Protein chains: 4
Amino acid sequence: MASNLATLRVTGPDGKGIVASCSNLLDRHGYGIFSTEHWTERCEDRLFLRIVFDKESSNDGKDVAAVIGDDDEEQRQEQVNNNMIKNQELETPSSATMAEQELAAFCRDRNLQFELNWRNKKPKIAIMASKSPHCVWELMLRHQAREIDCDIVAILSNHDELQPVAETFDIPYHVFPITTENKPDQEVRQLTLLRDEWNVDLVVLARYMQVLSSDFLDAFPDRTSIINIHHSFLPAFSGSRPYHAAHARGVKLIGATAHYVTPILDDGPIIEQDVISVTHRDGINGLIRKGRILERNVLVRAIQAHLDDRVILYKNKCVVFGD
Amino acid sequence: MASNLATLRVTGPDGKGIVASCSNLLDRHGYGIFSTEHWTERCEDRLFLRIVFDKESSNDGKDVAAVIGDDDEEQRQEQVNNNMIKNQELETPSSATMAEQELAAFCRDRNLQFELNWRNKKPKIAIMASKSPHCVWELMLRHQAREIDCDIVAILSNHDELQPVAETFDIPYHVFPITTENKPDQEVRQLTLLRDEWNVDLVVLARYMQVLSSDFLDAFPDRTSIINIHHSFLPAFSGSRPYHAAHARGVKLIGATAHYVTPILDDGPIIEQDVISVTHRDGINGLIRKGRILERNVLVRAIQAHLDDRVILYKNKCVVFGD
Amino acid sequence: MASNLATLRVTGPDGKGIVASCSNLLDRHGYGIFSTEHWTERCEDRLFLRIVFDKESSNDGKDVAAVIGDDDEEQRQEQVNNNMIKNQELETPSSATMAEQELAAFCRDRNLQFELNWRNKKPKIAIMASKSPHCVWELMLRHQAREIDCDIVAILSNHDELQPVAETFDIPYHVFPITTENKPDQEVRQLTLLRDEWNVDLVVLARYMQVLSSDFLDAFPDRTSIINIHHSFLPAFSGSRPYHAAHARGVKLIGATAHYVTPILDDGPIIEQDVISVTHRDGINGLIRKGRILERNVLVRAIQAHLDDRVILYKNKCVVFGD
Amino acid sequence: MASNLATLRVTGPDGKGIVASCSNLLDRHGYGIFSTEHWTERCEDRLFLRIVFDKESSNDGKDVAAVIGDDDEEQRQEQVNNNMIKNQELETPSSATMAEQELAAFCRDRNLQFELNWRNKKPKIAIMASKSPHCVWELMLRHQAREIDCDIVAILSNHDELQPVAETFDIPYHVFPITTENKPDQEVRQLTLLRDEWNVDLVVLARYMQVLSSDFLDAFPDRTSIINIHHSFLPAFSGSRPYHAAHARGVKLIGATAHYVTPILDDGPIIEQDVISVTHRDGINGLIRKGRILERNVLVRAIQAHLDDRVILYKNKCVVFGD
């Protein structure tokens with residue numbers, strides 16, 4: 001997305017005039033709207049709305065310290081608990097514009113959750129990986145080509161192997177060897193970096209072959225903070241060695257799935273999936289080879305959707321707006 | 001689309017508040033909006049907007065004869081000329097609601113074109129085909145399965161072969177044998193049926209192997225009145241015998257393209273395309289066989305996009321909103 | 001496949017000279033070989049070979065009653081038990097050529113199983129279906145277009161709905177309403193037709209919503225006698241209502257799988273699979289609609305592979321040679 | 001392909017016993033055959049055969065200096081002219097086995113061309129590229145992952161930009177700035193390296209934005225020595241700026257094509273093609289971005305097919321056997 005663009009996402013019970021009100025509010029504050037996508041799930045009457053607008057088109061009070069009343073703060077906190085406002089926004093109330101305050105008021109009235117992302121600073125991403133280099137290379141190269149719009153703060157691994165990839169791109173590389181005994185301690189050390197020191201916005205598991213403990217996951221209460229790539233077409237072949245399982249079953253397509261991580265293994269909301277044909281000639285190594293292309297592309301597409309604010313989580317599913 | 005839904009499409013120069021105004025207008029008249037998709041092409045600053053709303057959710061003056069002033073009618077006529085209002089709407093000014101009048105006024109102010117389709121009656125489609133049955137069968141079966149929401153008024157052919165297909169579905173079948181000499185006369189007779197007698201909304205060329213004359217095309221001034229399926233990935237292999245040409249070139253994929261028909265052969269705005277892999281083992285007959293699946297699916301998807309009012313024509317291209 | 005072509009399939013432990021011997025044998029008897037595909041699975045050192053040859057290119061003793069010794073018959077019976085020779089061949093020993101006898105001797109020596117299909121008569125297929133028409137229509141139309149090379153002897157259903165489809169193509173339609181109580185009796189009656197009266201070569205379950213009992217399956221000892229289309233990407237969403245399960249899981253692709261039927265539900269060897277993208281906008285009905293296109297195409301491709309003798313079963317998997 | 005495997009490709013007029021004779025010949029010399037693929041194009045009665053065998057399974061005279069008579073050499077030279085034996089084989093006549101001599105004799109008798117590749121040394125590849133890094137990165141990474149089985153001897157470019165990529169993988173990088181004036185001289189200098197100094201087996205144009213002169217091409221008389229990736233679905237949008245042309249035409253899919261280079265621009269035999277969907281939202285930059293994924297995958301697949309000896313050229317087309 002172009003650097004002048006900001007995004008608004010809104011979700012909650014449908015009702016009269018939500019799209020008009022949100023559009024109108026941005027209009028009134030001078031923001032030129034570039035793209036609008038709204039869809040109401042009719043079984044549950046639930047609205048999903050995403051608006052992309054030009055934040056530079058307004059002379060609005062963006063740089064004026066906003067006054068936010070107690071009510072607003074209470075509402076904000078509730079939204080944080082509802083995972084609709086990210087920490088960094090809380091920490092910078094001064095950037096809250098009049099528009100944002102009005103939105104908060106409107107959404108509170110309507111029982112809506114919203115996330116207004118000014119995109120003033122690049123999100124911070126950390127990558128966790130084990131030995132397989134293909135996903136990490138892909139992330140680095142697509143980042144270098146400006147197709148993934150973020151700061152990559154570090155690569156964390158339980159092995160040495162990917163150090164050279166990190167060095168190629170001058171990215172810090174931290175090794176945390178994991179054993180059954182030291183895993184809790186190592187996770188605490190990892191969290192110290194990820195959360196306390198760097199305050200990352202997103203953790204990407206780029207073929208990280210360790211299952212994260214629920215303690216680790218609890219440190220990221222936002223359910224969209226960790227994206228994993230699983231090398232199968234979920235829910236088929238969840239768990240370990242999916243290519244071996246696919247080969248044993250004799251499937252004619254193999255797949256890859258990018259999903260947000262939840263405490264239940266390979267069960268999180270699916271962001272992106274793809275498949276590729278295989279034949280009887282493809283042994284397990286053939287599946288692994290063909291699967292690599294899938295994994296890296298599916299992972300990148302999921303990260304792009306996430307970073308473009310095109311994903312809205314609802315229950316255990318992702319609404320993913322078009323790019 | 002569900003039978004209670006209506007669509008609004010708007011296009012023209014972008015400007016402040018268009019999405020909000022259109023949404024607000026429908027809201028005010030009581031229409032529940034189900035889906036909104038808006039996109040502004042930034043090079044030319046041109047807006048494309050499609051709103052799907054529940055026409056039954058309003059108590060508005062739909063059944064009250066609307067009073068339309070001269071200005072409005074003038075505006076309407078202009079829009080007709082601009083291909084944004086279909087004939088049937090002109091013929092039923094009494095169904096024009098207050099909402100429609102307000103929209104007309106708003107769009108006139110903003111120099112926008114709009115099409116408000118209440119979808120109160122099914123569009124009328126005529127199919128033209130020659131000897132190949134696969135596209136005609138597909139249209140009939142998908143229509144029977146309620147995946148193509150229209151009335152199929154007749155099949156016109158220059159041959160007898162498809163008569164049994166028409167009979168299976170109780171559709172009138174009209175044969176117009178074409179020779180170089182009689183072609184102008186036959187086209188006049190075809191037009192008499194299509195336009196004067198049936199007043200069809202859409203003509204579908206489902207592998208009709210005759211090139212329509214410019215006189216024929218002139219009888220449908222709306223540039224979105226005729227959809228053709230071409231059996232190649234345009235612009236490659238335009239013209240006749242594309243599978244032979246594809247075979248001669250040794251391509252590894254063959255394609256099909258559905259497009260609106262313009263006076264220049266195979267040059268009209270593309271609605272939908274798809275491809276399928278072929279190998280050296282596929283002779284010309286293999287390409288033809290594989291291509292049939294493409295042709296019928298691509299044609300149906302294009303017709304569905306058209307009938308769902310998901311297409312907005314701009315210059316020589318189609319903006320096709322998601323389904 | 002062209003009507004003059006015959007096929008030989010061979011499988012078993014790899015060894016020196018198998019491809020050469022089989023090719024040479026056909027050469028010596030005057031058969032022009034059109035296509036050869038051979039692959040040795042190296043983990044188990046198991047050979048899979050398929051040869052397509054022109055049966056009309058020889059003056060060989062095809063129409064001379066062959067003398068088959070006891071040994072040969074014993075060998076044949078063993079092969080039948082191994083599922084490599086079909087019943088019809090047993091019943092017509094007079095059509096066995098010299099080539100076939102030599103092949104039998106060679107394969108016995110090498111502990112190989114072979115199937116030599118002269119393709120002198122079209123295989124007989126029966127279709128079983130319930131209410132959904134799309135797969136049955138597809139089979140009928142592709143058969144009419146000569147893309148499925150067989151005789152369709154009848155459609156069996158537990159409902160009336162598809163009678164008109166059968167009538168359109170002059171195919172006998174037999175209704176066997178199924179209740180929990182009458183199911184065993186009805187299956188016996190179905191088997192009387194399928195096996196005793198018609199002696200069908202293949203039963204195609206074209207969205208037949210009844211699970212066949214193991215007694216029914218036992219009546220077809222050849223493990224490649226029944227093909228089913230399942231409306232999911234197996235092994236994901238086996239069992240009933242897969243589209244509902246896919247919708248609940250929030251997958252981004254839905255699939256269809258054609259497989260041979262075994263006593264374990266949805267667990268048989270997979271012949272063909274395909275997927276299609278879905279979005280959050282696709283409700284369950286959207287998945288069902290999109291899935292129909294998959295189901296009918298995947299089912300036809302699997303039947304074509306089967307009828308072209310391109311499938312060799314090994315353990316729980318299908319080796320499917322290229323078309 | 002595994003390091004113990006060798007390949008035989010044979011093409012020419014079909015005739016009795018060719019597959020059997022070639023298989024038998026390898027069998028007799030003790031080579032275990034792993035895979036056979038044969039297909040006869042029936043319109044021209046032309047045979048295409050590829051056999052993969054285990055070169056280590058024989059005790060044959062591989063390391064015995066073979067005696068090759070004048071006839072054989074004459075035959076070899078003819079085959080070289082027919083592009084079926086590569087230079088390196090000519091240079092090492094001592095490695096020619098008894099098997100090879102017999103094959104030569106057999107093929108001479110039958111007017112067949114053959115290429116027997118012992119795969120004893122890795123082919124040498126040079127990459128030519130301009131400024132776009134994505135294809136070069138892909139080649140390097142897939143080479144590093146052992147998915148492209150060759151030695152990459154150097155990257156040649158007309159610009160400095162890709163130097164860091166070369167350094168990452170310790171590959172020599174040679175810059176030849178091209179102007180209209182110096183182009184002939186620079187090509188001579190390039191040829192001195194490519195042909196005289198390195199004697200490369202394959203030149204890969206990985207988004208090299210210069211058209212090679214016919215003098216340059218003449219230096220590689222083997223028509224399969226240069227592979228180019230073109231960023232469109234040929235024959236659509238040949239020539240320069242294909243994404244701009246695709247955008248202007250409003251296509252709904254964009255493509256990429258890998259082909260052998262011939263004197264006519266973008267007209268060479270196609271090895272591999274693929275496409276990806278685009279929408280109205282994708283501007284030219286969007287097409288370029290989406291196209292990169294295609295280009296690099298299509299180029300790698302074509303190189304893999306070439307290096308696996310899966311391609312047989314015939315007239316202006318490629319027969320590409322399955323992987």
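How many residue pairs are in polar contact between chain B and chain D? In this predicted model, the count between the two chains is 16 residue pairs, both members being at pLDDT 80 or more.

## The interface of chains B and D

The side of chain B that touches chain D receives two or more residues from each of strand S2 (32-41), helix H9 (242-249), strand S11 (270-277) and strand S13 (317-320) of chain B. Strand S11 of chain B gives the most, with six residues. Sorted by class, this side of chain B holds 16 nonpolar, seven polar and nine charged residues.

In total, 32 residues of chain B contact 32 residues of chain D. The two chains bury about 2,800 Å² between them, and carbon and sulfur atoms give 57% of that area. B:Arg249, B:Lys252 and B:His280 together supply 26% of the area that chain B buries against chain D, more than any other three residues. Two salt bridges are counted between chain B and chain D. B:Glu37 forms a salt bridge with D:Arg281, with the closest N and O atoms 3.7 Å apart.

## The two domains of chain A

Chain A is assigned domain 1 (5-117) and domain 2 (124-320). Their contact involves 15 residues from domain 1 and 14 residues from domain 2. About 1,200 Å² is buried between the two domains of chain A, 48% of it on carbon and sulfur atoms.

Across this interface there are eight residue pairs in polar contact, both residues of each pair being at pLDDT 80 or more. On the side of domain 1 that touches domain 2, the elements giving two or more residues are strand S1 (5-13), strand S3 (46-54) and helix H3 (87-91) of chain A. That side of domain 1 comprises four nonpolar, five polar and six charged residues. Two salt bridges are found across the interface of the two domains. In a salt bridge between A:Lys315 and A:Glu44, the closest N and O atoms are 3.0 Å apart.

## Salt bridges involving helix H10 of chain A

Over all chains, the count comes to 72 salt bridges. One of them joins A:Arg207 to A:Glu295, the closest N and O atoms being 2.7 Å apart. A:Arg207 lies in the loop between strand S8 (202-205) and helix H8 (214-218) of chain A, while A:Glu295 belongs to helix H10 (residues 284-307) of chain A, so this pair ties together parts that are 88 residues apart in sequence. A:Arg207 is buried, at a relative accessible area of 11%, and A:Glu295 is buried at 1%.

A further salt bridge is formed by the side chains of A:Glu272 and A:Arg301, at 2.9 Å from N to O. Because A:Glu272 lies in strand S11 (residues 270-277) of chain A and A:Arg301 in helix H10 of chain A, the pair ties together parts that are 29 residues apart in sequence. A:Glu272 has 18% relative accessibility and therefore counts as buried, whereas A:Arg301, at 28%, counts as partly exposed.

## A salt-bridge network in chains A and D

A network of salt bridges links residues of chains A and D. Its members are A:Glu138, A:Arg142, A:Glu147, A:Arg292 and A:Arg296, together with D:Glu138, D:Arg142, D:Glu147, D:Arg292 and D:Arg296.

## Asp308 in chains C and D

In chain C, the side chains of C:Asp308 and C:Arg310 meet in a salt bridge, at 3.4 Å from N to O. Both C:Asp308 and C:Arg310 are buried.

In chain D, D:Asp308 is located in the loop between helix H10 (284-307) and strand S12 (311-314). D:Asp308 counts as buried because its relative accessibility is 15%, which is under 20%. Apart from its neighbours within four places in sequence, D:Asp308 is in contact with D:Met1, D:Thr7, D:Arg50 and D:Arg119.

Notes
Residues are numbered from 1 along each chain as its sequence is written. Chains are lettered from A and ligands numbered from 1 in the order in which they are written. This is a predicted model: local features need pLDDT of at least 70, side-chain atom pairs count only at pLDDT 80 or more; totals for chains, interfaces and linings use all residues. Side-chain values use heavy atoms; hydrogens and water are left out. Domain bounds come from an automatic or database domain assignment. Contact means heavy atoms within 4.5 Å. Buried area is the accessible area (1.4 Å probe) that two parts lose on being put together, summed over both. A salt bridge is a side-chain nitrogen of Lys or Arg within 4 Å of a carboxyl oxygen of Asp or Glu. A polar contact is a pair of N or O atoms within 3.5 Å; within protein, one must be able to donate a hydrogen and the other to accept it, and residues adjacent in sequence count only if both atoms are side-chain atoms. Helices (H or I, at least four residues) and strands (E, at least two) are DSSP runs, numbered from the N terminus. Ala, Val, Leu, Ile, Met, Phe, Trp, Tyr, Cys and Pro count as nonpolar, Asp, Glu, Lys and Arg as charged, and the others, Gly among them, as polar. Buried means under 20% relative accessible area, exposed over 50%, partly exposed in between (1.4 Å probe, protein chains only).
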